[in-house]
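This report describes a structure through its salt bridges, its fold and its chain interface. Please consult the sequence and the model shown below while reading.

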2 protein chains.
Amino acid sequence: MLEKTTRMNYLYDFYQALLTPKQQSYMSLYYLDDYSLGEIAEEYKVSRQAVYDNIKRTEAMLEEYEEKLLLFEKFQERKRLIARMKECLSGESDHQTLTEFVAAIEKLD
Amino acid sequence: MLEKTTRMNYLYDFYQALLTPKQQSYMSLYYLDDYSLGEIAEEYKVSRQAVYDNIKRTEAMLEEYEEKLLLFEKFQERKRLIARMKECLSGESDHQTLTEFVAAIEKLD
């Protein structure tokens, strides 16, 4: 059975633009809308195995993209840093501007 | 004639991991080492036209990746924000920690 992980949700989020429309549909139904393999198979009039194989291949592709581009890893690192910056900033009132910049950086990812 | 742009240098930097070894070689010689098309052709024992076509196709691929993932656009935006954060921080001495975080965020890209 495929494992539905938070990691895969993130990888899909970062790299979905690089997938085919069909890969996007299967992944979106499976990971975002929580469809079962059987439900997707029924929806697309294909075998459950075909859906499983497609999703497995797509997952491997997403992991390859992450290995090459590290978007998720960098995102996590930035998130961690930004959280600490916010901790530093909290309690001080004259840093409104800085706080806004930090929020803006966060919004980019 | 191909135009050697700063933009293409950046796009190559962001997406080179997604290219084939041959594409990487041609692009690296042309954009980073400033080889001419003729020099690359000689190096690889192929026609100048073949090198030109390969580089043109690779450039188009890089633009497509950027259209889909926007890594360069986001990078520029973060750089702009980080520069302004640094302006805010300069002149104050009690923000060593924050300054280090900002530097760390910058290093991520």
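In chain B, the side chains of B:Arg80 and B:Glu77 form a salt bridge with an N to O distance of 3.0 Å; the term denotes a side-chain nitrogen of Lys or Arg within 4 Å of a carboxyl oxygen of Asp or Glu. Both residues belong to helix α5 (residues 71–89) of chain B, where they stand three residues apart, about one turn of the helix. Helices here (H or I, at least four residues) and strands (E, at least two) are DSSP runs, numbered from the N terminus. B:Arg80 is partly exposed at 40% relative accessible area, and B:Glu77 is partly exposed at 29%. Buried means under 20% relative accessible area, exposed means over 50%, and partly exposed lies in between (1.4 Å probe, protein chains only).

The model is predicted: local features need pLDDT of at least 70, side-chain atom pairs count only at pLDDT 80 or more, and totals for chains, interfaces and linings use all residues. Residues are numbered from 1 along each chain as its sequence is written, chains are lettered from A and ligands numbered from 1 in the order in which they are written, and side-chain values use heavy atoms, with hydrogens and water left out.

In chain A, a salt bridge joins the side chains of A:Glu77 and A:Arg80 at 2.9 Å, N to O. These two residues are separated by about one helical turn because they are three residues apart in helix α5 of chain A. A:Glu77 has a relative accessible area of 28% and is partly exposed; A:Arg80, at 40%, is also partly exposed.

## A link between α1 and α4 of chain B

Which residue meets B:Arg7 in a salt bridge? The partner is B:Glu63, at 2.8 Å from N to O. B:Arg7 lies in helix α1 (residues 6–15) of chain B and B:Glu63 in helix α4 of chain B, so the pair ties together parts that are 56 residues apart in sequence. B:Arg7 is partly exposed at 36% relative accessibility, as is B:Glu63 at 27%. Over all chains, the whole structure contains four salt bridges.

Helix α4 (residues 48–69) of chain B also holds B:Asn54. B:Asn54 is buried, with a relative accessible area of 8%. Leaving aside residues up to four places away in sequence, B:Asn54 touches B:Lys22, B:Gln23 and B:Tyr26; contact means heavy atoms within 4.5 Å.

## Fold of chain A

Chain A has six helices and zero strands. Of its 109 residues, 37% are buried. Among contacts in chain A with a separation of 6 or more, 59% join residues 24 or more positions apart.

## The interface between the chains

At the interface, 26 residues of chain A contact 26 residues of chain B. The area buried between chain A and chain B is about 2400 Å², with 81% from carbon and sulfur atoms; buried area is the accessible area (1.4 Å probe) that two parts lose on being put together, summed over both. The count of salt bridges between chain A and chain B is zero.

On the side of chain A that touches chain B, the elements giving two or more residues are α4 (48–69), α5 (71–89) and α6 (96–107) of chain A. The largest share, ten residues, comes from α5(A). By class, this side has 17 nonpolar, two polar and seven charged residues. Ala, Val, Leu, Ile, Met, Phe, Trp, Tyr, Cys and Pro count as nonpolar, Asp, Glu, Lys and Arg as charged, and the others, Gly among them, as polar.
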